[in-house]
Amino acid sequence: MATTNIAGQRRQELIAGYSFVAPALIILLVFLFIPMFFTLWMSFRDWSGITPPAESGAVGLQWYERLLVLDNVRRTDFFTAFKNTFYYALGVVPTQTVLALLLAVIANQQLLRFKGFFRTTFYFPSITSSVAIGLIFLWIYQSGGILNQVIKAVNPAYRNISWMNDPTGIIHNTLAVFGLTLRTAPAWLTETNVLGLTLWQWLSGPSVTMTALMMLVIWTTAGTMMLVFLAALQDIPRPLYEAASVDGATSVQQFFSITVPMLRPTIFFVVTLGLIGTFQVFDQMFVMTSGGPAGTTTSLAYLIYRAGFNDSQMGLASAISVLLFLIIFTATLIQRRIFSDRAVA
Amino acid sequence: MAQQAQAIHVPATRAAGGAPAWLVSLATIFRYLILFAFALIFLAPFIFAIANSFKTAPQIAQDALNLIPNPFTLENYLKLTRGAANVPLWTFNSLLFAGVVTVGRVFLCSLAGYALARISFPGRNIVFLAVLATMMIPGVVLLIPRFIILKQMNLLATYPGGILPILVDAFGIFLMKQFFESLPGEVEEAARIDGATPFQIFWRVSLPMATAPLIALTIFAFQGTWNELQHFLIALGPTARDLWPLTLGLATLRGAGVGQQLDFGLFLAGSILMTLPMALIFIVFQRYFVESSSHSAVKG
């Protein structure tokens, strides 16, 4: 009697277990798991997105060859987008992490007043939709917009920067100040072609417009990351700091020898999130620039969208997706490597 | 208690550091200055956006830095209901998507999280690993295949097509599993002996104890769906204007103005309108926003 009861209960548990998990699992499988492999398969095919996908032709590694090897417009587009995205991540991730950490340390004080106010204001941009922020900044950044007006009020000699429409690279512009321009630069810089772009193009940095988008994104996320750091800071035992100050360590020494090492896991987390997020950047380009001016804000994600849905090249778009996945994967691996190296040192 | 202990420690730190009192207060003033400066930087765009959304087009163009609209006008907001913009319908769609996704996600993620934490069945670990694996996939990589799958299912440009792919998220399952694992098992055991079915135990006993993670999950799901652009762009497409949520509708405003002067008053009014619900939710549930973001950070 008792055994059948237990067996019945087991069977009931078994059915319950599967049926509880099933709906969520099916959705994850159909819309997340299977699509992953679908992308890979589609990257070996030529499909316009209109006919049934099974009727698409197999093209082998052709897309990858065009994107990575053969000298053609696809390769130039891909590496331009790669360059744009790379500079974007390189600018955004360290800046937002360092800024967030500094703000958190400044705010981490037991007797701080207006805590609620600071928390609300610093966090608010990150709960707002990227579309709303994009439209507001489109207005702020326009030539006669309030950003230029404010800078002009501070510095009357300032000449308006056309934030949303300036394709020149910021390193290129900085070099021009020192007299190094396309005309004066040595030929090996301006004529060596690497993967469809000249060395000069590779080194000219993110465009002014891309930099404007970077500032916007830093503005959006720094507050959230600061709160993440703030929470982690509260977990560092106070006696550590007390012992250090008894030993005569200055606040700067305390910051580098206590705060930073103790926050290592949090920094790792924030940088990882930052990398994964920045390499997928899309919304700002879609809302504000459509990838322009002169393609300088076309991110890899935006290139995927354009290839798939504007040019109807689903196979090409899938191949770029696969490459982007590998890029993100590699970036997080390198990042992990850097962090563990420091642990040894 | 912990706070008390910290408060006692503070003077001790200073005494040990030996910094003179005037230096300490100078440093404090400096701290506040920096924090207020950044608070201003974070707030100013919203303040100017709100002020200018009530101005006429010429005043926005000439006197944007003035915080007082003169003359005061609602024209920009009224324009949102006319012409290319169909904001009332888009707002309804946004509420519909966010509402259905939130309810569905909270229910399905709790259900799955509960089973993974509390019910033993063969294959449970594999299921959990699969859930974890989907958390690693960068969303942008799924754009193309999602489009294909929705097309194959004839769900492109339909409400279900907008809802189903984002109805479940792995992080939600993970969050709920973590929580249910932390619950003591005695109450469930008592209910089981009383003859309750597993679903009854989940629904009547365990779920009511999960208020905190449920609120966090609700907020995240609503916020995420309300602000989502990319998925809707793919699932609903560029022509199904009547199905668009606010994000997609407003994102296309710039495109509608090609060749002519951009209508910034319209942009600002739309942005403020879209931000308002999130701002209200944020103010009411602020504690949970901050707690859950820090929590997930620590867990990560």
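Author: A residue is buried if 20 or more other C-beta atoms, placed from the backbone, lie within 10 Å of its own, exposed if 12 or fewer do, and partly exposed in between. The model shown here is predicted: local features need pLDDT of at least 70 and side-chain atom pairs count only at pLDDT 80 or more, while totals for chains, interfaces and linings use all residues. Residues are numbered from 1 along each chain as its sequence is written, and chains are lettered from A and ligands numbered from 1 in the order in which they are written.

Reader: Is Phe282(A) buried or exposed?

Author: Phe282(A) sits in the loop between helix 13 (264-278) and helix 14 (283-289) of chain A, where helices are DSSP runs of H or I of at least four residues, numbered from the N terminus. Because Phe282(A) has 21 C-beta neighbours inside 10 Å, this residue counts as buried.

Reader: Which residues of chain B does Phe282(A) touch?

Author: Contact here requires the C-beta atoms of two residues, placed from the backbone, to lie within 7 Å. Leaving aside residues up to four places away in sequence, Phe282(A) touches Ser299(A), Ala301(A), Tyr302(A) and Tyr305(A) in chain A, and on the side of chain B it touches Val140(B) and Gln230(B).

Reader: How far apart in space are Phe282(A) and Tyr305(A)?

Author: Tyr305(A) is among the residues that Phe282(A) touches. In sequence the two are 23 residues apart, and from C-alpha to C-alpha their separation in space is 8.9 Å.

Reader: Which helix gives the largest share of the side of chain B that touches chain A?

Author: The contact between the two chains takes 81 residues from chain A and 82 residues from chain B. On the side of chain B, the largest share amounts to 16 residues, and these come from helix 16 (residues 264-299).

Reader: How many helices are there in chain B?

Author: Of the 300 residues of chain B, 40% count as buried, and residues 24 or more positions apart account for 74% of the contacts in this chain with a separation of 6 or more. Chain B has 0 strands, and its helices number 16.

Methods: Helices (H or I, at least four residues) and strands (E, at least two) are DSSP runs, numbered from the N terminus.
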